[in-house]
Amino acid sequence: MIEDARAFLASLFNAAVEAADPVAAIRAHLPERPKGRTVVIGAGKAASQMAAALESLWNGPLEGTVVAQHGPVAACRQIEVLQAAHPVPDEAGIAASARLFALLRDLTEDDLVIALVSGGGSALLPAPAGMLTLADEIAVNRALLAFGAPISAMNVVRKHVSRIKGGRLAHAAHPARVVSLIISDIPGDNPAHVASGPTIPDTSTPQDALAIVQQHRMTLPAAVMEHLASPEAAAAGPDDPVFARHEHHVIASARVSLEAAAATAKAAGITPVILSDSIEGEARDIGLMHAALAREVRHHGRPFATPVVILSGGETTVTIRDEGYGKGGRNTEFLLSFAHAIDGLPNVQALAADTDGRDGSEHNAGAFADGESILRMRAAGIEPRTHLMGHDAYSAFDSIGDIFDTGPTGTNVNDFRAILIR
């Protein structure tokens with residue numbers, strides 16, 4: 001039987017992360033060496049780790065550039081690693097996007113482009129389309145983050161104000177062949193939505209982007225709205241002959257990682273249940289849903305018998321309702337809502353964390369919670385409800401020492417939630 005619940009939950013998170021390890025994932029999907037050059041491009045939170053993994057596996061000459069976020073990166077010998085800002089784009093990202101386009105000039109049919117794509121690439125590759133500016137792209141990004149749009153909807157808007165997203169980067173590599181290796185952080189694993197699909201053509205239209213803006217009542221700069229209404233916002237679709245020789249592979253995803261966590265739980269003698277790998281919605285609402293399920297199991301032994309660990313993934317959202325908000329991210333906000341709803345419930349322990357090792361604005365991956373979390377916060381002088389309403393979940397959990405800090409993991413398959421009920 002489990003003696004240390006938190007160590008057990010952390011072991012499940014570690015198993016999930018290990019299942020998305022870039023070396024093993026890339027090894028299974030290595031393309032054949034071309035007659036000509038092999039050029040590597042890429043972007044995302046796992047970009048440098050993917051590049052280092054490819055270098056360790058590739059038998060032949062290699063060149064190229066990938067873009068990672070500011071902070072620690074994996075060391076590469078042949079592939080250049082640039083760094084840019086996430087989640088709000090910066091000038092370094094503009095320069096990095098230009099560098100990737102430059103690498104794709106003058107390629108031939110004999111050349112191979114390997115694209116290493118992971119979550120976070122949307123912010124890391126700003127390239128404003130038409131007459132738009134970096135300030136316009138930043139305004140779009142901030143609006144999308146604040147209004148709580150699902151990630152798939154966010155990326156539809158992003159790719160129609162960009163000259164690099166929506167398959168445009170791969171289009172620039174013509175006539176070379178492009179093979180995209182993708183670590184998915186998107187519910188449902190649609191490769192066209194990971195990092196806004198810089199190498200994957202998409203079927204969405206500028207009209208779809210405008211509809212999303214209207215649905216979520218976003219306020220965007222006039223120049224952005226004018227661009228979305230213009231023909232220039234359209235991108236090449238999957239039927240464009242430029243993409244005929246291209247291929248893509250989702251090499252790691254939340255589904256595979258949750259299955260690895262479930263296997264670890266089973267080996268420890270705890271029955272695992274995977275709810276879903278693609279849960280979306282407001283973080284605090286998803287927290288309430290998980291708490292209701294935990295109470296039903298704890299009080300009535302249904303729909304699952306104890307002991308059980310409930311696993312889920314996907315990407316929740318946090319809608320910022322005013323200008324004043326605190327520290328944290330969607331996983332800690334989920335968990336603070338969950339903790340409120342299980343207040344006083346014994347024998348329930350939970351972990352919620354982002355698999356890239358960073359949840360929102362702070363350094364932590366996530367946090368732990370149980371039926372006494374709210375009591376301990378109040379004893380520490382914290383009013384949890386105030387922190388939840390102010391989007392300051394990090395401070396609430398930090399006050400009782402329940403932050404879960406892993407450092408960068410080198411991969412990104414989105415949210416990981418594990419709830420142990422005994």
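Of the 49 residues in the largest nonpolar core of this predicted model, I41, V67 and V113 touch the most other members. A nonpolar core is here a set of buried Ala, Val, Leu, Ile, Met, Phe, Trp, Tyr and Cys residues joined through side-chain atoms within 4.5 Å, and buried means under 20% relative accessible area, with exposed over 50% and partly exposed in between (1.4 Å probe, protein chains only). Helix α7 supplies the largest share of this core, five residues. Leaving aside residues up to four places away in sequence, I41 touches T65, V66, L100, L103, L104, V113, I114, A115, L116, L169 and T199, where contact means heavy atoms within 4.5 Å. A second, separate core of 36 residues includes A283, A352, A369 and M377.

Because the model is predicted, local features need pLDDT of at least 70 and side-chain atom pairs count only at pLDDT 80 or more, while totals for chains, interfaces and linings use all residues. Residues are numbered from 1 along each chain as its sequence is written, and side-chain values use heavy atoms, with hydrogens and water left out.

Just after α9, R217 adopts a positive phi of about 55 degrees. Helices are DSSP runs (H or I, at least four residues), numbered from the N terminus.

The axes of α12 (residues 283–300) and α13 (residues 330–341) come within 7 Å and cross at roughly 40 degrees; axes are lines fitted to C-alpha atoms over the stretch in contact, and angles run from 0 to 180 degrees between N-to-C directions. The two helices are therefore oblique to each other, the class left after roughly parallel (under 35 degrees), roughly antiparallel (over 145) and roughly perpendicular (65 to 115). Residues making this contact include A283, I286 and A294 of α12 and F334, F338 and A341 of α13.

For α1 (residues 5–19) and α11 (residues 254–267), the axes come within 7 Å and cross at roughly 140 degrees, which makes α1 oblique to α11. Among the contributors are F8, L12 and A15 of α1 and V256, A260 and T264 of α11.
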